[in-house]
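This report describes a predicted two-chain model. The sequence and structure come first, and the notes follow.

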Amino acid sequence: MEISLIVALVDFCRNIIGLVTRPYETCRRIVEKANLLELVYVGAVLALYFVLASLVKIASFRPFLLTRQFFVLAGAAGFTYCLVVALFWEIGKLIGANGKLKGLAVLWGYSLIPTVIWFFVTSILYVLLPPPRTTSVQGILFSVLFLVFSTTLFLWKTTIAYLSLRFGLRLGLGKILVVLAGALPILGLYSYGMYRVGIFKIPFL
Amino acid sequence: MTYKTYTTNTTYKKFVKRWEEVTDLPPQTVGPLTPFYKAIVRRIKVMPWPILVVSSLFIVISLYVILGSAITLLVSLLQRGF
């Protein structure tokens with residue numbers, strides 16, 4: 001078990017580097033291997049973020065509130081992950097996908113890495129340079145840089161999400177668009193629900 | 001089995017494995033837009049960051065042209081969104 005965990009850690013690190021430098025080849029390899037143990041490390045990275053987010057959101061050292069906030073964030077993110085994978089899988093099956101659920105689940109887990117990087121950096125910036133931004137030259141310059149950073153990560157995330165459906169469900173572009181057309185309205189409503197209850201204002205997908 | 005035969009077999013097996021990986025899914029085509037699609041995908045497959053950053057810059061500058069200094073409101077909203 002320990003050796004499997006170490007092997008999974010090495011693969012996890014290799015895959016993260018691969019997703020940065022060679023996303024296409026790496027996504028194909030992740031789906032092919034489909035090692036669920038690698039999700040442990042994805043979960044660990046997410047847990048680190050939830051600790052930071054709890055500290056920033058609660059903004060005081062009150063263990064009960066911090067613990068509750070941590071479990072709310074972790075639970076919501078875990079449920080969202082399961083919902084997204086189940087939705088893609090079920091809709092994919094309806095239109096004739098013949099991929100592997102394990103492959104889709106592991107690769108979608110990796111697609112949370114750009115998401116968590118964005119949330120992590122945004123939380124730190126919230127502390128260092130709290131909003132609102134002003135319309136001064138510095139304010140606009142910061143806004144432009146922040147938006148470029150956000151859009152770049154979003155495009156990276158989109159690439160990995162597309163490859164998740166391509167390799168995880170083994171679908172072509174047309175059918176991927178059908179899966180998205182089926183899943184996105186449901187995820188939109190779900191994200192609105194998350195926003196209303198105040199867990200994630202920006203969807204943690 | 002001689003060493004030469006052994007290495008030839010291994011190389012052949014590696015080649016077959018790689019070939020099966022590459023031809024596992026049929027290549028994506030998008031009708032008349034296929035050359036355009038392939039040109040973009042080629043840049044995304046290996047080290048996609050230059051094209052991702054350039055595309056983002058283009059999107060954000062377009063947004064700035066449309067919204068003007070109101071992009072600061074958008075950023076304030078996003079910063080509160082975690």
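## Basis and confidence

The model is predicted: local features need pLDDT of at least 70, side-chain atom pairs count only at pLDDT 80 or more, and totals for chains, interfaces and linings use all residues. Residues are numbered from 1 along each chain as its sequence is written, while chains are lettered from A and ligands numbered from 1 in the order in which they are written.

Within chain A, helix H2 (residues 23-33) has the lowest confidence, with a mean of 93, and helix H5 (residues 101-110) has the highest, at 96. Helices (H or I, at least four residues) and strands (E, at least two) are DSSP runs, numbered from the N terminus.

## Packing of H4 and H8 in chain A

Two packed helices are described by the angle and the distance between their axes. Axes here are lines fitted to C-alpha atoms, for helices over the stretch in contact, with angles from 0 to 180 degrees between N-to-C directions. The axes of helix H4 (residues 63-94) and helix H8 (residues 173-197) of chain A come within 9 Å and cross at roughly 160°. H4(A) and H8(A) are therefore roughly antiparallel (angles under 35 degrees count as roughly parallel, over 145 as roughly antiparallel, 65 to 115 as roughly perpendicular and the rest as oblique).

Residues in contact (C-beta atoms, placed from the backbone, within 7 Å) include A:Ala76, A:Leu83 and A:Phe88 of H4(A) and A:Val179, A:Ile186 and A:Met194 of H8(A). By class, this contact has 12 nonpolar, two polar and no charged residues. Ala, Val, Leu, Ile, Met, Phe, Trp, Tyr, Cys and Pro count as nonpolar, Asp, Glu, Lys and Arg as charged, and the others, Gly among them, as polar.

## Packing of H2 and H7 in chain A

The axes of H2(A) and helix H7 (residues 137-168) of chain A come within 10 Å and cross at roughly 45°, so the two helices are oblique to each other. Their crossing is right-handed.

On the H2(A) side the contact is made by A:Pro23, A:Tyr24, A:Cys27, A:Arg28 and A:Val31; H7(A) contributes A:Thr159, A:Ile160, A:Leu163, A:Phe167 and A:Gly168. Seven of the contact residues are nonpolar, two polar and one charged.

## Contact between chains A and B

In chain A, 34 residues are in contact with 28 residues of chain B. H2, helix H6 (112-128) and H7 of chain A each supply at least two residues of the side that touches chain B. The largest share of that side, 13 residues, comes from H7(A). The side of chain A that touches chain B divides into 17 nonpolar, 12 polar and five charged residues.

## Chain B

Chain B has four helices and zero strands, in the order α-α-α-α from the N terminus. Its radius of gyration (taken over C-alpha atoms) is 23 Å, well over the 12 Å that the globule rule gives for 82 residues, so chain B is more spread out than a compact globule. The globule rule is 2.2 Å times the number of residues to the power 0.38. Along its principal axes, the C-alpha trace of chain B spans about 75 × 35 × 20 Å.

## Local backbone features

The peptide bond from A:Pro131 to A:Pro132 is cis, with omega near 10°. A:Pro132 is in the loop between H6 and H7 of chain A.

A:Ala34 is not a glycine, yet has a positive phi of about 45°. A:Ala34 lies in the loop between H2 and helix H3 (38-58) of chain A.

Methods. pLDDT = per-residue confidence, 0-100. Contact = placed C-beta atoms within 7 Å. Left-handed = near helix turned anticlockwise from the far one by under 90°.
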